[in-house]
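Trainee: I have a model open here and would like to talk it through before I set anything up. Could you take me from the overall fold down to a few single residues?

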Amino acid sequence: MSPDPVIPIPRIAAATRVYPGETACGDLVAWWQEGDATFACIVDGLGHGPDAHHAARSLLALVEGQVGLEPAQRLATADRAMRHTRGAAAALVRIDPAARTITAAAVGNIQGALFAARTLRFDGMPGIVGAGLRPLKPLVVPFTAADILVLWTDGLRPVDLEPDAARADPERLAADLMASHGRQSDDCGVLCVAFRA
């Protein structure tokens, strides 16, 4: 019997930039461990400034606090709890290194792509977390150690990567994407996940 394959380790990095003239950023990112899984979330609070920042922080706190639930369930619960905020767009992913799968749920103007042998792009379903959501359909996709996952807010122009970028350091990639794709007309946020054995 052959030994189990080595389980890949997600390496995550992000970059955010505040709207010019503001002191609080409405685009936020976070990632954390729950058992053997890694969760990562990118949020775009509507508009910019303190109210957008408050909405984004509220969403992050809500999804991090729902241990044991899948991404779509967490966003649905956050939607009900965020009616007092201006609302947010968000993408939440669960990375299962042992199964080599990513489960993603996204709402609003968040975009994402898994850059692999074939690029798989996905957008948030129409809506705003905090304004009432239709049932979310999660996306489950396999990944390999050579792939990279990128999630970004509408503060960035659409991302496309050359094949070698999948081997890039995620921290450098996030900074490079912010510098090359970030718009000056909005808050910006980008989150990069690379995998290695």
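**From the fold to single residues**

Mentor: Before anything else, keep in mind that this is a predicted model; with that said, 50% of the 197 residues of the chain count as buried.

Trainee: Okay, and how many helices and strands does the chain have?

Mentor: There are 3 helices and 10 strands in the chain, and from the N terminus on they follow the order β-β-β-α-α-β-β-β-β-β-β-α-β. The radius of gyration is 16 Å, close to the 16 Å that the globule rule gives for 197 residues, so the chain is as compact as a globular protein of that length.

Trainee: What does the C-alpha trace span along its principal axes?

Mentor: The C-alpha trace spans about 55 × 35 × 25 Å along those axes. As for how the chain is connected, among contacts with a separation of 6 or more, 68% are accounted for by residues 24 or more positions apart.

Trainee: And the surface, what belongs to carbon and sulfur atoms there?

Mentor: Carbon and sulfur atoms hold 54% of an accessible surface that comes to about 9400 Å².

Trainee: Switching to the inside, which residues have the most contacts within the largest nonpolar core?

Mentor: Those are Cys 41, Val 43, Leu 59, Val 63 and Leu 75, in a core of 24 residues. Strands S2, S3, S4 and S5 together with helices H1 and H2 each supply at least two residues of this core, and the largest share, 5 residues, comes from H1.

Trainee: Helix H3 next: where do Ala 175 and Ala 179 stand, buried or exposed?

Mentor: Both sit in that helix, Ala 175 as well as Ala 179, and H3 covers residues 170–181. Ala 175 counts as partly exposed at 42% relative accessibility, whereas Ala 179 counts as exposed, because its relative accessibility of 66% is over 50%. From C-alpha to C-alpha, Ala 179 and Cys 25 are 17 Å apart in space, although 154 residues separate them in sequence.

Trainee: Last one, where is Leu 133, and which residues does it touch?

Mentor: Leu 133 is in the loop between strand S7 (120–123) and strand S8 (139–142), and it is partly exposed because its relative accessible area is 21%, while buried would mean under 20%. Not counting residues up to four places away in sequence, Leu 133 touches Leu 75, Asp 79, Val 107, Gly 127 and Ile 128. Its C-alpha atom and that of Glu 162, 29 residues apart along the chain, are separated by 35 Å.

Conventions:
Residues are numbered from 1 along each chain as its sequence is written. This is a predicted model: local features need pLDDT of at least 70, side-chain atom pairs count only at pLDDT 80 or more; totals for chains, interfaces and linings use all residues. Side-chain values use heavy atoms; hydrogens and water are left out. Helices (H or I, at least four residues) and strands (E, at least two) are DSSP runs, numbered from the N terminus. The radius of gyration is taken over C-alpha atoms; the globule rule is 2.2 Å times the number of residues to the power 0.38. Buried means under 20% relative accessible area, exposed over 50%, partly exposed in between (1.4 Å probe, protein chains only). Contact means heavy atoms within 4.5 Å. Accessible areas come from the Shrake-Rupley method with a 1.4 Å probe; for residues, only the protein chains shown count as cover. A nonpolar core is a set of buried Ala, Val, Leu, Ile, Met, Phe, Trp, Tyr and Cys residues joined through side-chain atoms within 4.5 Å.
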